[in-house]
Amino acid sequence: MADGELLVARITYNFKTDEKSYQWNQDRLTREILVLKLLKHLDQTLPVPQIYVWDFDSSNSVDAPFSVMERLYGEDQWSAWPKLTSEEKIKFVQSLAEALGRIFKISMPSIGSLEKLTNENHPIVGPFVRIPSDPRTGGPYATIDEYLAAELQPWRASDQSEYEFSVPELFERLHVLAHRLVPRDDPTMLRPVLFHNDLDVRNVMVNDGIVSGIIDWEVCPNFTLS
């Protein structure tokens, strides 16, 4: 940029061109942009990259979906961790917990995936972004109980001939068990929040012993803390 700031261009070349796969790729890339825009709108100091421009039409000038974002400095946790002292590791874990705690304070309207933002940057939730072969509808769901019922429903229709037990009865029992296992003494644990679905050591960046970046927000569901 003119002020000397370095940027990162993310270009997606390895995408399938069949309609379902192409749409899935478009959806997950779009959701990442929306999540990052929402996070930066709500808290500019969060260690996530600022998005500047994007174009997910593969017929564009680079023949592939791309986005241009702020460069976050540091190295990934995988590379940094062996070089940190015990004190630095404690400092890093504390900084990661603090960053995630701030993200978890952001309440979402329902369980699912961020689908769009209003002109006022209010989140609108749609279905989970899932691979094309996944038969589940994906929400959105108003409550954890609605989510559990929907997630178990497809398996109740499994081919009974493959098993010596009643598949519908088994999943009905699992539904009852799941309902009982949900902690209900703290309502704040049941509110939907943003989750990073791939918080891997390659997606967390470290600089000066603290978290300097959390990247790769492609598939970021809204789910309850419980």
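## Close-up views of a predicted model

**View 1. The largest cavity and the residues around it.** The largest cavity is lined by R10, T12, L29, E32, I33, F56, F66 and S67, and the model in which these residues are seen is a predicted one. The volume of this largest cavity is about 40 Å³, and the structure holds one cavity of 30 Å³ or more. Helix α1 and strand β3 each give at least two residues to the lining of the largest cavity, and the largest share, three residues, is supplied by α1. Sorted by class, the lining of the largest cavity is made of four nonpolar, two polar and two charged residues.

**View 2. The second largest pocket.** The second largest pocket holds about 210 Å³ of space, and its lining is formed by 13 residues. Of these lining residues, V8, P49, M69, E70 and I215 are the ones that lie nearest the centre of the pocket. Three elements, namely β1 (residues 7-11), α1 (residues 19-42) and β3 (residues 66-70), each supply at least two residues of the lining of this pocket. In terms of class, the lining of the second largest pocket contains eight nonpolar and five charged residues, with no polar residues.

**View 3. R31 in helix α1.** The residue shown here, R31, is found in helix α1. R31 has a relative accessibility of 11%, and it counts as buried because the term is used for residues under 20% relative accessible area. Along the sequence R31 and V129 are 98 residues apart, while in space their C-alpha atoms are 8.5 Å apart.

**View 4. Helix α3 and its two faces.** Helix α3 runs over residues 86-104, and at 1.5 Å a residue its 19 residues should span 27 Å, which agrees with the 27 Å between its end C-alpha atoms. The buried residues of α3 are F92, S95, L96, A99, L100 and I103. Around the helix axis these residues cover an arc of only 130°, and they are therefore placed on the same side of α3. On the face of α3 turned away from the buried side, the reader can find the exposed residues S86, E87, I90 and Q94.

View 5. V167, F171 and A178 are the buried residues of α5. Seen down the axis of α5, the buried residues fall within an arc of 25°, so they line one face of the helix. The exposed residues R173 and R180 are carried by the face of α5 that is turned away from its buried side.

**View 6. An open sheet of three strands.** The strands of this open sheet follow the order β4-β8-β9, and their pairing is antiparallel. The edge strands are β4 (residues 75-76) and β9 (residues 210-214), each of which pairs on one side only. Strand β8 (residues 204-207) pairs with β4 in the antiparallel sense over two bridges, and D76 stands opposite M205 in β8. Between β8 and β9 the pairing is also antiparallel and runs over four bridges, with I214 in β9 as the bridge partner of V204. Although β9 is an edge strand, four of its five residues are buried, so β9 is largely enclosed by the rest of the structure. In the hairpin of β8 and β9 there are two residues between the strands, and D208 takes a positive phi near 55°.

**View 7. Two loop residues with positive phi.** D63 lies in the loop between β2 (residues 51-55) and β3, and its phi is near 60°, a positive value in a residue other than glycine. With a relative accessible area of 52%, D63 is exposed, because that word applies to values over 50%. N121 lies in the loop between β5 (residues 112-117) and β6 (residues 123-126), and N121 has a positive phi of about 65° although it is not a glycine. The relative accessible area of N121 is 22%, and N121 is therefore described as partly exposed.

Technical notes
Residues numbered from 1 in each chain as written. Predicted model: local features only at pLDDT ≥ 70, side-chain atom pairs only at ≥ 80, totals over all residues. Heavy atoms only, no water. 1 Å grid on protein atoms, 1.4 Å probe; cavity = no way out; pocket = protein on both sides within 12 Å on 5 of 7 lines; lining within 4 Å. Points joined across faces, edges and corners; volume = space filled by probe spheres on them. Nonpolar A, V, L, I, M, F, W, Y, C, P; charged D, E, K, R; others polar. Buried < 20%, exposed > 50% of the residue type's maximum accessible area, 1.4 Å probe, protein only. Arc of directions from axis to C-beta. Pairing = 2+ DSSP bridges. Expected span 1.5 Å × (residues − 1).
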